[in-house]
Amino acid sequence: MKHPSMDRAISKFFLHLHPKKIEPKAILFTRTFGLGGIAALLFVILFITGMLLRFAYVPSGVGAYDSIVRLQDELIFGRMLRNFHYWSAMLLVVVSFLHLVRVFYSQAIYFQRRKNWLYGLLLMFLVVSSNFTGYLLPWDQLSFWAVTIMTNMLSYIPFFGNSLANLVRGSKVVDEQTLLRFYNFHTGVLPLLMVFFMSIHFWLVRKARGVTIPSSEKAEKVDTSPHLVYKEVLAALIVVLVLLLFSFFVNAPLLDKAKPLVSPNHSKAPWYFMGFQELLMHIHPAFASFLLPLFVILFFIIIPYVPYHQINEGVWFYSEKGKKITFISAIFTTVFTLLLILIDDLLLDIGGWFSGLPVIFTEGVLPVLCYFVPIGGFIFYVRKKLKADRMELVISSVTIILVAYVVMMLVGSLLRGEGMQLIF
Amino acid sequence: MFKLKWASLPVTGNFKTMKKINRRKFFRGLIYSLVSLEFGYVFFRLLKLNKPASAEAIYYDAGEVSFFEKGRVYPFGSARFFLYRMEDGGFIALSSRCTHLGCIVQFNASNDRFECPCHASAFEKNGRVITSPATRALDYYPIAFKDDKVLVDTGNPVRRSKFDQSQVMYV
Ligand code: HEM
Ligand code: FES
């Protein structure tokens, strides 16, 4: 570089986050795919664009929609600003999810990184909450009904679901109170919490001496600047450029102003919650919106604390067999889940056949058994026939959960149209 | 005795790293916990519904009893209910909020039933579920009659799992 002082300033800044010297393998793009760093970058972009949007936005039922319209049509670069914020937010959900997938499959969540896995899960929750609270703010037909549907999904939780939904909305239905509440969470509480937990997250990465690499690949360390810093700046530039171009050509959606008395035909939750909504169409709400999510969250929390016989830190998919098992589990789950959705939609009418029995049994226990008995059989097969050890079984289970959710999410968001019927 | 019991517990880890709780630490911990609890509680109260749970009855005047023909459904859009006068002259006021996920149902006169635009639940005129995903009958509102008028208590929707005759009101 021609400006040594500038060079030094940049490197010094990055050295707040990185050590001076670093393992050469840790810099390889395929180690992290830059996902954590991209998430951090997106957070910064969202913070800045969000600050600017606050100058134009009016957080009230009367003013919100019109202020968005004015922003788009009358302010210079207003539409661009909104698009940029919107697409960065959507990308952050995707990137955080991929980052979670990456740290899990590259065995980067064990030993001293356990705690960071937990902070990561918390960050994932905050990312989704931020996106969801922001979703309501335009106050159009899309956001109004999406939030109505999502908060009503909460009210299916047994015992305290209704009070929880009312607590989230600040009212019995989505109204101005909800808007004010979401606005404050979105632009105040949640960003603050994220800055706090991201700091801990980064600090714990450093405390664990950087990202995980297999012990066999340790080598002589190289200087962080320029080797890593160069790649990070390059990746950041590419992401910003692509996002800017995308925001230039693709507009964030905005429908008519919210009409609380008129629901549009087929209303959907935001796309990342569509997996739940799809699940709700097949299984009793006590399972779909409470027991199964609770079970999955608990399972994710204990993953790094299971007593394994062996852990291969930093080795993708743990072993060759692990790779194979991941692949088979993904294929199996995709086919099986799609098949079951089709069968349930077209053929099964369990409620009708056993109409004498309680709903919790016909719509809850039976469909859950229909899904989990074959899944159990599959895991048994993986264990017996492929001689999987405990780690490989956990990898298989996580793959099943993730793939099942993604499949349901895609079916719900892409394959369902009017009246939530399947379309082909 | 008491002391002995504690002393005989197996000790894991080494003594230097074990945290001893002395008075100062105890009070510090106590104060921190109390302050956090206080903040937590204040925040929680701030978020809670500030309206009392059982709102006072707000009666909506739907009109003269004689105006309503038997067997017909009358929509009251902005008040979010439908008034159905049954064949036998009884009244039931149904909330227009779908029990599936909260969309607003519409009365479809050609199918003679309520239909939800969101995920296609359908309900009979008395609120009973015809097609899922909804599993509960539509909520209903208490009705009172005064001076030959039908008054609907729109502040207090009643949850129910199915329709039964006791929910119908007669003049
Ligand atoms: C706002 C969201 C997040 C940000 C900004 C973020 C940022 C980062 C960064 C910069 C790293 C360094 C390595 C890399 O680039 O992959 C990292 C590592 C890590 N993250 Fe995240 N992260 C976020 C969410 C998550 C989530 C959702 C999880 C999973 C539950 C998670 C778990 C981890 C773990 C276990 C590591 C250590 C990985 C290793 O040592 O190789 N993080 N994170
Ligand atoms: S909200 Fe009425 S069917 Fe889903």
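This report covers the domains, interfaces and strand pairings of a predicted model with chains A and B.

**Domains of the two chains**

Chain A splits into domain 1, residues 16-264, and domain 2, residues 278-424. Their C-alpha centres are 26 Å apart. Chain B also has a domain 1, residues 6-47, and a domain 2, residues 59-167. In chain B the C-alpha centres of the two domains lie 55 Å apart.

**Inside chain A: domain 1 against domain 2**

The two domains of chain A touch. On the domain 1 side, 29 residues make contact, and they meet 27 residues of domain 2. The area buried between these domains is about 2,400 Å², with 73% of it from carbon and sulfur atoms. Three residues of domain 1 lose the most area to domain 2: A:Tyr105, A:Gln107 and A:Tyr110. Together they account for 30% of what the domain 1 side buries.

One salt bridge is counted between the domains of chain A. A:Glu313 forms a salt bridge with A:Arg113, and the closest N and O atoms are 3.2 Å apart.

Which helices of chain A each supply at least two residues to the domain 1 side? They are helix 3 (29-32), helix 6 (78-105) and helix 7 (114-136). Helix 6 of chain A gives the largest share, six residues. By class, the domain 1 side holds 19 nonpolar, five polar and five charged residues.

**Between the chains: B against A**

Chain B brings 25 residues into contact with 28 residues of chain A. The two chains bury about 2,300 Å² between them, and 59% of that is on carbon and sulfur atoms. How many salt bridges cross the interface of chain B and chain A? The rule finds zero. Polar contacts do occur: seven residue pairs are counted between the chains, with both residues at pLDDT 80 or more. Helix 2 of chain B, residues 23-47, gives the most to the side of chain B that touches chain A, with four residues. That side of chain B divides into 12 nonpolar, eight polar and five charged residues.

The two interfaces, in figures:

| Interface | Buried area | Share on carbon and sulfur |
|---|---|---|
| Domain 1 and domain 2 of chain A | about 2,400 Å² | 73% |
| Chain B and chain A | about 2,300 Å² | 59% |

**Strands of chain B**

Strand 2 (residues 72-76) and strand 3 (residues 81-85) of chain B pair antiparallel over five bridges.

Strand 5 of chain B runs antiparallel to strand 6 (residues 113-115), and three bridges join them. Which residue of strand 6 is the bridge partner of B:Asn108? The partner is B:Arg113. In a regular strand, side chains alternate between the two faces of the sheet.

Conventions. Residues numbered from 1 in each chain as written. Chains lettered and ligands numbered in written order. Predicted model: local features only at pLDDT ≥ 70, side-chain atom pairs only at ≥ 80, totals over all residues. Heavy atoms only, no water. Pairing = 2+ DSSP bridges. Contact = heavy atoms within 4.5 Å. Buried area = accessible area lost by both parts, 1.4 Å probe. Salt bridge = Lys/Arg side-chain N within 4 Å of Asp/Glu carboxyl O. Polar contact = N/O pair within 3.5 Å; in protein donor to acceptor, adjacent residues only side chain to side chain. Nonpolar A, V, L, I, M, F, W, Y, C, P; charged D, E, K, R; others polar. Domains from an automatic or database assignment.
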